[in-house]
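This report was prepared for a reader who wishes to examine selected local features of a model. The sequence and coordinates are shown first.

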Amino acid sequence: MTERLLPTPSHTIGPFYGHALPFPGGGEVAPPGHPDTITLHGYVFDGAGEPIPDALLDFWQAAPDGSLDGAAGSMRRDPSTGGFLGRNGTDFTGFGRVATDADGHYTLRTLPPGNAGLPYISVCVFARGLVHHLFTRAYLADGADPLLDSLPRDRRATLLATEGTHRTYRFDVRLQGEGETVFLEFR
C-alpha cells in the first residue's frame, strides 16, 4: 500500500523562498529609458516597526492604456539551458517581483497604471512569519474610490503612496501594529 502525501501547508514559504522566486530585473517593469517611468519604493516593517530584510513583493498593474493583458515574458527562460533570459526590453508585462534589501527597502520601476478610477498598483507580500501572503494596493492618487471610501480616514492613508520628486512614490508596508497597512481578502 502506498502512503498518501498531503499538500504542503501554505505557511511553508521557507527554504524554497530564495530559490527561483526573485529574478534578475524583477523590479524593472518599465522598458529601459522609457520617458514615463515612475518609481515606487518603500520599506516593509514588522509589528515592532523593524524593517524586514527578507520580504518578497509581487506587483501587478494595468498598462498605461488600461489593458490588463500584459505581455508575456517577465520570467522568460532559455529552453536549452533553463537559464534566465529576462524581459525583452520593449514590452510592458505589468508584473514585477522584488525582494527587500538588507535594510527592508524595495524599488519598482514601472509605468503609470491606466486602470479605470484612481491609479493603483496591486501588491502581494510574502514574509517570514506570515501564514498566508497578504494583498494590498498602493494608490498613486487620492480621491473617490469604492475601496478607499469604505475605510476610516486613518486606515485609508495606509493605502496611499506619497508622491516625491522625480516621478517617485513612497509606499511603506506595515504588517501589524500602529499604522498597519490595510490588507485585502480575496475568495
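The model is predicted. Most residues other than glycine have a negative phi. Against that background, two residues call for comment. His166 is not a glycine, yet its phi is positive, near 55 degrees. Arg167, likewise not a glycine, has a positive phi of about 60 degrees. His166 lies in the loop that runs between strand S7 (162-163) and strand S8 (168-170), and Arg167 is placed in the loop between S7 and S8.

The table lists the relative accessibility of the residues discussed here.

| Residue | Relative accessibility | Class |
|---|---|---|
| His166 | 73% | exposed |
| Arg167 | 38% | partly exposed |
| Tyr106 | 1% | buried |

The class of Tyr106 follows from a cut-off: its relative accessibility is 1%, and buried means under 20%, so Tyr106 counts as buried.

Tyr106 belongs to strand S4, which comprises residues 105-110. Leaving aside residues up to four places away in sequence, Tyr106 touches Leu40, His41, Gly42, Tyr43, Leu57, Phe59, Val98, Thr100 and Phe171. One of these, Leu40, is 66 residues from Tyr106 along the chain, and the C-alpha atoms of the two residues are separated by 8.4 Å. Phe171 is also among the residues touched; the side chain of Tyr106 reaches the backbone oxygen of Phe171 at 2.6 Å.

Note on methods
Residues are numbered from 1 along each chain as its sequence is written. This is a predicted model: local features need pLDDT of at least 70, side-chain atom pairs count only at pLDDT 80 or more; totals for chains, interfaces and linings use all residues. Side-chain values use heavy atoms; hydrogens and water are left out. Helices (H or I, at least four residues) and strands (E, at least two) are DSSP runs, numbered from the N terminus. Buried means under 20% relative accessible area, exposed over 50%, partly exposed in between (1.4 Å probe, protein chains only). Contact means heavy atoms within 4.5 Å. A polar contact is a pair of N or O atoms within 3.5 Å; within protein, one must be able to donate a hydrogen and the other to accept it, and residues adjacent in sequence count only if both atoms are side-chain atoms.
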